[in-house]
Amino acid sequence: MNRTLIIIGLIIIAVGLLWPWLSRPPFGQLPGDIAVRREGFSFFFPITTMILVSVVLSALMWLFNR
């Protein structure tokens, strides 16, 4: 349990330090992301980006649990 909390803390620190680069991901508008822009209204639903992030996080979790 202690090791897990330390790893989570280090990940949070790394994300905090890298936030200027992580806040503007290079894959912001992938094909399959839904973007609706109308006068006075905009809606963005990044479904493809969410699937990509999910696959990457699942692979990382699988590697850490080995």
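A: This is a predicted model, and we can start with its largest pocket, whose lining residues divide into seven nonpolar, two polar and one charged.

Q: How is such a space found, and which residues line the largest pocket?

A: The general idea is that rolling a probe the size of a water molecule over the atoms shows where empty space is left. Here the largest pocket holds about 340 Å³ of space, and its lining is made up of Arg3, Thr4, Ile7, Ile8, Ile11, Leu57, Leu60, Met61, Phe64 and Asn65.

Q: Which helix gives the most to the lining of the largest pocket?

A: Helix H1 does, with five residues, although H1 and helix H2 (47-64) each supply at least two residues of that lining.

Q: Where is Asp33 found, and is its side chain buried or exposed?

A: Asp33 lies in the loop between helix H1 (2-22) and strand S1 (34-38), and Asp33 is buried but has no salt bridge.

Q: What does the side chain of Asp33 reach instead?

A: The Asp33 side chain reaches two backbone nitrogens, that of Ile47 at 3.4 Å and that of Thr48 at 3.0 Å.

Q: Why is Met1 called exposed?

A: Met1, found in the segment before H1, is called exposed because its relative accessible area is 75%, and the word applies to values over 50%.

Terms used: Residues numbered from 1 in each chain as written. Predicted model: local features only at pLDDT ≥ 70, side-chain atom pairs only at ≥ 80, totals over all residues. Heavy atoms only, no water. Helix = DSSP H or I, 4+ residues; strand = E, 2+ residues; numbered from the N terminus. Buried < 20%, exposed > 50% of the residue type's maximum accessible area, 1.4 Å probe, protein only. Lys, Arg positive; Asp, Glu negative; His and termini not counted. Salt bridge = Lys/Arg side-chain N within 4 Å of Asp/Glu carboxyl O. Polar contact = N/O pair within 3.5 Å; in protein donor to acceptor, adjacent residues only side chain to side chain. 1 Å grid on protein atoms, 1.4 Å probe; cavity = no way out; pocket = protein on both sides within 12 Å on 5 of 7 lines; lining within 4 Å. Points joined across faces, edges and corners; volume = space filled by probe spheres on them. Nonpolar A, V, L, I, M, F, W, Y, C, P; charged D, E, K, R; others polar.
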